[in-house]
Amino acid sequence: MSAHGGNRAIIAALAANLTIAALKFVAFALTRSSSMLAEGIHSVADSGNQVLLLVGGKRSRRRASAEHPFGYGRERYIYAFIVSIVLFSVGGLFALYEAYHKYQDPHPIEGAFWWVPLAVLIGAIIAESFSFRTAIRESNQVRGGMGWVRFVRTAKSPELPVILLEDFGALIGLMFALFGVSMTLLTDNGLWDAAGTAMIGLLLVAIAAVLAVETKSLLLGESASAADVAKIEAAIAGDGSTRIIHLKTLHLGPDELLVAAKISVGSRESGARIAADINGAEQRIRAAVPIATAIYLEPDLFDAGASSTPSANGSSTAAGRSGQ
């Protein structure tokens, strides 16, 4: 997933949210609708989150240092995890608090500006729809044939899944707010406004929980996708001179992959020949999986007459090896 495509979706969402947030706060000031206040805070939280994603993307491009020899690629995961915390606290918990406050004092929406929340919410739905469409279009370029749930769960770049979930949550939240405001205007009962606000809060808490779970997995360190592992295995065994004993991969960042493998070589080969085999395997891996930026291959021996069997983690294990 390119950072460029993710940034395009982030910037589109940021522009929409800043404009919508201002309009929502104007509507709240004129009508004192708790749904509008919750939605305004929601848009502010989303705007802050998009800034965090942009900052994380920029910081992740710093060059590797002696203190961080594998670079800063995981900064994108850290900032995405912070996004989930902000969405949970600033967005979800505040909306639930405001719903409780409105439940204690369920005043209706009155005055000459009763129509303002409806106009703002309808306009916001249109604006968020365009932002959501941009996120969908950018995601379609990288998700291939994967379903949306699988894409969110397996994507190694956090930006597009975060924006997709935020935009989806924003659209559903706007509909909840529109429901609460409309029912309050029809019935003159502010409890509907409180209900709409509570629905927004619960929605944001749920989305924040999903984001936290997925980004936590990325922070812990995920292996390469099954497709990339298969390419790496094929590349190592490409010319028949090497075999995999075991293989491990780890994402150092969305576009940086660590490959560590023990490979078997012939028992009668010279040191120069073994070095050439390893260099050839490294070149084939980089050609097959360009994001493999750190490759460590350890040679071992195998019995040329022995067969290889698949290991539990999907890598092949050569029989007859002399060491571990």
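This is a predicted model: local features need pLDDT of at least 70, side-chain atom pairs count only at pLDDT 80 or more; totals for chains, interfaces and linings use all residues.
Let me begin with the second largest pocket, whose lining is made up of F132, I136, W148, V149, V152, R153, L164, L165, F168, V210 and E214. Two or more of these residues come from each of the elements α4 (116-143), α5, α6 and α7, where helices are DSSP runs of H or I with at least four residues, strands are runs of E with at least two, and both are numbered from the N terminus. A pocket here is an open set of points on a 1 Å grid over the protein atoms alone, with protein on both sides within 12 Å along at least five of seven lines, while a cavity is a set of points where a 1.4 Å probe fits but cannot get out, and lining residues have an atom within 4 Å of a point.

Residues are numbered from 1 along each chain as its sequence is written, and side-chain values use heavy atoms, with hydrogens and water left out.

The second largest pocket holds about 260 Å³ of space, a volume being the space filled by probe spheres set on grid points that are joined across faces, edges and corners. Helix α5 gives the most to that lining, with 4 residues, and the lining as a whole divides into 9 nonpolar, no polar and 2 charged residues. In that division Ala, Val, Leu, Ile, Met, Phe, Trp, Tyr, Cys and Pro count as nonpolar, Asp, Glu, Lys and Arg as charged, and the others, Gly among them, as polar.

What about enclosed space? The structure holds 1 cavity of 30 Å³ or more, and about 90 Å³ of space lies in the largest cavity. Its lining includes V152, R153, L165 and E214, residues that are also among those lining the second largest pocket. At least two residues of the cavity lining come from each of α5 (148-154), α6 (159-187) and α7 (191-220), with α7 giving the most, at 4 residues.

Turning to the rings, there are 3 aromatic pairs, counted for Phe, Tyr and Trp (its six-membered ring) when the centres lie within 6.5 Å, with planes under 30 degrees apart called stacked, over 60 edge-to-face and the rest tilted. One of them joins W148 and F151, edge-to-face at 6.2 Å centre to centre, with 85° between the planes. These two residues are separated by about one helical turn, because they are 3 residues apart in helix α5. W148 is partly exposed at 34% relative accessibility, whereas F151 is buried at 2%, where buried means under 20% relative accessible area, exposed over 50% and partly exposed in between (1.4 Å probe, protein chains only).

The rings of F179 and W192 also make an edge-to-face pair, since their centres are 5.6 Å apart and their planes stand at 85°. That pair links distant parts of the chain, F179 in helix α6 and W192 in helix α7, 13 residues apart.

Finally, helix α3 (residues 75-104) has a kink of about 25° centred on F88, the bend at a residue being the angle between axes fitted to the seven residues ending there and the seven starting there. F88 and V205 lie 5.1 Å apart, C-alpha to C-alpha, although 117 residues separate them in sequence. V205 belongs to helix α7 and is partly exposed, with a relative accessible area of 21%.
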